[in-house]
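Subject: Structure handover and notes

Hi,

Here is the structure I promised to pass on to you.

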Amino acid sequence: MIPTVEWKDGMVRLLDQSRLPEQVEFLDCREYQAVGEAIRELKVRGAPAIGVTAAMGVALGACGLVTASEDEFHKGVLEICDRLAATRPTAVNLFWAIDRMKQTLASLRGLPIAECKRRLVEESQRILDEDVSINKAIGRHGAALVGRGATILTHCNAGALATAGYGTALGVVRAAWEQGKQIRVIADETRPVLQGARLTVWELMQDNIPVTLITDNMAGSLMRRNMIQLCLVGADRIAANGDVANKIGTYSVAVLAKAHGIPFYVAAPSSTIDLATPSGEDIPIEQRRPEEVTSIFGGPRTAPSGAQVLNPAFDVTPAEYVTAIITERGVFKPQDLADRFQG
């Protein structure tokens, strides 16, 4: 499995997902600003991967601070945290990972600055390692929901590329495949940035898991023809009431699934559950550049010049459309999250 993000030779190395599937290229970030830019420009994406990358960005920025003052060092690291937190607004894992780095920093008061730097790097690596273990646990729990020979519809990319490794929604797919369940995957292309086409299909093909690409507007027709047995997606934030924010188009899939009596599952680590956000109405939705809609990756225009464009990166699926949420701690009904994950 190609690493999405790693600490290497004092740098943060990222797989540049904007180049996939045609090119496999890596970005060597020597300054935390480059890490922030990579998050903002979708060179690294997926809520868990963004969290891990942000944690490593904090560690990288800390290592670059030159000061003999403990107070100045701590102040500088907190400023780095704030700048990285401003890169993208929706994925709660970003803020969770940064808060964890802040807690680690607070625990290091009184230690030499060199030791503080070393421990921040260690904590960022620990967050990465934990993410892979969590994803494998999600996979084990979720695989029990997948019938032998099932065809699974997924939207966007919630695989190894969206995490530190293995994946959330695709972690369930991998676990079911490893159990010999002979599943198949149908991947929505996921307009406008085509994460399903570029990333999910590429990733599953690397693992020789059968996958078929469809355009976003084909899903309902396939459901009507009984060609899909369950839907499985990731999440960027899950509110306390079980509402789920995920890539734009997820809501449409969920509504179609309910209309056709098809289970709709969300796979995500517990760090994606934001009990401080009461409902999906309170989740900030990132608005991205119109050019993502009016052309394909800067190529020929697909809409008239001057056309008005809406380009929200995410939508919210109300809890009533979610069959269950798969976490590393088990499978839960959306309405049970607040009680099960409190504290």
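The notes below go through the sheets, the core, the aromatic rings and some backbone details.

First, the ground rules. This is a predicted model, in which local features need pLDDT of at least 70 and side-chain atom pairs count only at pLDDT 80 or more, while totals for chains, interfaces and linings use all residues. Residues are numbered from 1 along each chain as its sequence is written, and side-chain values use heavy atoms, with hydrogens and water left out.

**The sheet β1-β2-β3**

Helices (H or I, at least four residues) and strands (E, at least two) are DSSP runs, numbered from the N terminus. Two strands pair if DSSP finds at least two bridges between them. With that in place, 3 strands form an open sheet in the order β1-β2-β3, with antiparallel pairing. Its edge strands, β1 and β3 (26-29), each pair on one side only. Neighbouring strands are turned by 25 degrees against each other on average, direction ignored; axes here are lines fitted to C-alpha atoms, for helices over the stretch in contact, and angles run from 0 to 180 degrees between N-to-C directions.

β1 (residues 5-8) and β2 (residues 11-15) are joined by 4 bridges, and K8 stands opposite M11. The two strands make a hairpin with 2 residues between them, and D9 in the turn has a positive phi of about 55 degrees.

In the loop between β2 and β3 you will find P21. The peptide bond from L20 to P21 is cis, with omega near 5 degrees.

**The core**

Which residues have the most contacts inside the largest nonpolar core? They are V12, F73 and L120, in a core of 39 residues. A nonpolar core is a set of buried Ala, Val, Leu, Ile, Met, Phe, Trp, Tyr and Cys residues joined through side-chain atoms within 4.5 Å. Buried means under 20% relative accessible area, exposed over 50%, and partly exposed in between (1.4 Å probe, protein chains only). The elements giving two or more residues to this core are β2, α1 (32-40), α2, α3 (70-85), α4 (92-106) and α5 (113-143), and α2 gives the most, with 11 residues. Not counting residues up to four places away in sequence, V12 touches residues including W7, L27, V35, M56 and L60.

**Rings and charges**

The structure holds 2 aromatic pairs. Rings of Phe, Tyr and Trp (its six-membered ring) pair if their centres lie within 6.5 Å; planes under 30 degrees apart count as stacked, over 60 as edge-to-face and the rest as tilted. Y251 and Y321 form an edge-to-face pair, at 5.9 Å centre to centre and 90 degrees between the planes. This pair links distant parts of the chain, 70 residues apart: Y251 belongs to helix α9 (residues 250-259), and Y321 to the loop between β12 (314-317) and β13 (324-327). Y251 counts as partly exposed because its relative accessibility is 34%. The ring centres of F332 and F341 are 5.1 Å apart with planes at 75 degrees, so this pair is edge-to-face; F332 and F341 are buried.

Y321 also has the charged end of K258 over its ring, 5.1 Å from the centre. K136 lies over the face of Y166, at 5.8 Å from the ring centre. The cut-off for a charge over a ring is NZ of Lys or CZ of Arg within 6 Å of the ring centre and within 35 degrees of the ring normal.

**Backbone details**

C156, in the loop between β4 and α6, has a positive phi of about 70 degrees although it is not a glycine. C156 counts as buried because its relative accessibility is 6%. N208 has a positive phi near 60 degrees, but N208 counts as exposed because its relative accessibility is 62%.

Happy browsing, and best wishes

Conventions: Contact means heavy atoms within 4.5 Å.
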